[in-house]
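Hi,

Here is the structure I promised to pass on.

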Amino acid sequence: MSSPDARRPVSVAVIPGDGIGTEVMGPTLGILEEVGHRHGIGFSWQHYDWSCERYTRTGAMMPEDGLEQLAAHDQILLGAVGFPGVPDHVSLWGLLIPIRRAFQQYINLRPVRLLPGIESPLRLREGTEIDFVVVRENNEGEYSEVGGRMYRGTEHELAVQESVFTRRGVERAARFALDLAASRAGTLASATKSNGIVHTMPFWDEVVHATAEGYPDIEVRDYHIDALSAMFVLDPGRFDVVLASNLFGDILTDLGAAIIGSIGIAPSANLNPEGEFPSMFEPVHGSAPDIAGQGVANPLGQIWAASMMLDHLGHPEAAAELVGAMEASLAAGVKTPDLGGTATTTQVAEAVLQHLTDREAAQ
Ligand code: GGG
């Protein structure tokens, strides 16, 4: 997807959200401006204070016409949502999930790559490289509103939550993952649990394999989610592209973030692949109230997510340059405490910016 008109700035809705989301967003915008300047990409930022703080003040995470406001932008950059005192389902269903659904962001792309300069907490076998991508189905599955509670507050109380899997939904996620595998090493691991989840998961497997018939060169293998989780730890080098349902993908990518050193660096792109609607780019991490306000949040997850936005906008060189600057600053040892360092959010962002400007000076 490229900017509709290369001469006009890319219009970006900026939603820092809560906690450390508000600390990592500002430096990321400065870095994007620097990369954009070098590659002839202009940005126009529109800031939105939609957050749990707003919910506490007004009773809603975003205004009633919030989605209409966002629809006017090319892309969305999100920080993190969640704050103690506001139930997590309120913050998620009041902001993130309506955006993902209204804008048909049916793919959540989450790279899992061990960057140079970071040590994995795993004892990796000699020569093991961690470099795979999780394709998370992002619009349906276990994240469903179908269900309810009855007999509240009595001894007969019950809760029912239905998963929803559609042929269209599974097929388009599978197709995206297969296309991605075709552009990489050609293998796809599909997360399932068809032994225990007796209706939806066999359906998932059937649709994935029927879709894969159109991709004879891709090797597709099903893994039960429990075994797959163990393999992420025991043999992460075997994976290329991993396809997972909404909940499985969410859980797997926190594990993925852990094995590449920190959830602070993991990025995520909520994609509307057709470009009919804005896509949304966010770090995998949440608002981390335990470290919020201390100036030590790792900005690399947000910066890496911003590079995914550049890629989606059709600027792969700019995206690669940004990731290269991240790698250079890590290799120079500039790390926040989550990665074992002592640098602040600002110092990491400044180091990334410095590598970008050094590069410009060298050219
Ligand atoms: N960075 C966005 C954020 O705050 N995510 C928190 C979260 O719990 N997300 C759940 C999800 O991605 O489904």
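The largest pocket has 24 lining residues, and those nearest its centre are Leu109, Pro111, Leu180, Met308 and Asp311. Keep in mind that this is a predicted model. The pocket holds about 580 Å³ of space. Elements giving two or more residues to its lining include strand E4, strand E5 (131-137), helix H5 (167-182) and helix H10 (316-331), but H9 gives the most, with five. By class, the lining has 18 nonpolar, four charged and two polar residues. Domain 1 (1-112 + 263-363) and domain 2 (120-260) both give residues to this lining, so the largest pocket lies between them.

Next, the second largest pocket, with a volume of about 460 Å³. Val81, Leu92, Asp250, Val284 and Gly286 are the closest to its centre among the 23 residues that line it. Helix H4 supplies the largest share of that lining, five residues. The classes here are 10 nonpolar, six polar and seven charged residues. Each of domain 1 and domain 2 provides at least three residues of the lining.

Strand E4 (107-113) and helix H8 (246-259) each supply at least two residues of its lining; among the lining residues are Arg110, Thr253 and Val284. This cavity also lies between domain 1 and domain 2, because both give residues to its lining.

Cheers

Technical notes:
Residues numbered from 1 in each chain as written. Predicted model: local features only at pLDDT ≥ 70, side-chain atom pairs only at ≥ 80, totals over all residues. Heavy atoms only, no water. 1 Å grid on protein atoms, 1.4 Å probe; cavity = no way out; pocket = protein on both sides within 12 Å on 5 of 7 lines; lining within 4 Å. Helix = DSSP H or I, 4+ residues; strand = E, 2+ residues; numbered from the N terminus. Domains from an automatic or database assignment. Points joined across faces, edges and corners; volume = space filled by probe spheres on them. Nonpolar A, V, L, I, M, F, W, Y, C, P; charged D, E, K, R; others polar.
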